[in-house]
Amino acid sequence: MFFIKGIVFILIVVGIFVTGEKLLRKKFDISKRDKNRPRYVNKVHMWGENLILIAFIACMFFVTIEFSETRWIGLGVAFFFLLIEFFRALMEWIYQKEQREYIIHLFAALIIIIFVLVAAYTNWLDLLLGF
């Protein structure tokens with residue numbers, strides 16, 4: 001039963017994100033990201049994201065050795081996604097301010113923060129995974 005509640009919570013979070021993204025795109029007149037447009041704004045953006053990924057993998061290696069609790073691993077994963085979203089927002093705000101795509105990344109970071117706070121407060125992730 002608790003597994004179903006966890007799945008429902010995740011679906012609600014995804015639904016809030018999708019709805020919020022559509023509303024933000026409409027309100028701020030942000031066009032959908034073109035599939036042919038490069039993912040990175042420039043080389044600094046590409047190298048920055050790759051360095052964040054390498055640092056995340058290295059940190060998670062040491063965290064899994066030092067701490068066996070899943071809470072620290074989940075917190076590390078959430079922090080990684082949060083850092084990536086803030087970095088993308090910063091790069092797009094600095095180099096492509098006129099497209100306003102950074103607003104979507106800041107909204108995604110807000111959703112991640114809310115998700116982590118609810119998961120930490122209710123302890124539902126530990127119960128869901130059975131650890």
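This is a predicted model: local features need pLDDT of at least 70, side-chain atom pairs count only at pLDDT 80 or more; totals for chains, interfaces and linings use all residues.
Residues are numbered from 1 along each chain as its sequence is written, and side-chain values use heavy atoms, with hydrogens and water left out.

Ile-104 also belongs to the largest nonpolar core, whose nine residues include Val-13, Leu-24, Ile-30 and Phe-107. Such a core is a set of buried Ala, Val, Leu, Ile, Met, Phe, Trp, Tyr and Cys residues joined through side-chain atoms within 4.5 Å; buried means under 20% relative accessible area, exposed over 50%, and partly exposed in between (1.4 Å probe, protein chains only). H1 and helix H4 (102-122) each give two or more residues to this core, and H4 provides the largest share, five residues. Helices are DSSP runs (H or I, at least four residues), numbered from the N terminus. Apart from this core lies another, of seven residues, among them Met-60, Ile-84, Phe-87 and Met-91.

Now turn to Val-8, found in helix H1 (residues 2-27). Val-8 is partly exposed, with a relative accessible area of 41%.

Finally, look at helix H3 (residues 70-95), the place of Leu-83. Leu-83 is partly exposed too, at a relative accessible area of 36%. Leu-83 and Ala-109 lie 26 residues apart in sequence and 8.3 Å apart in space, C-alpha to C-alpha.
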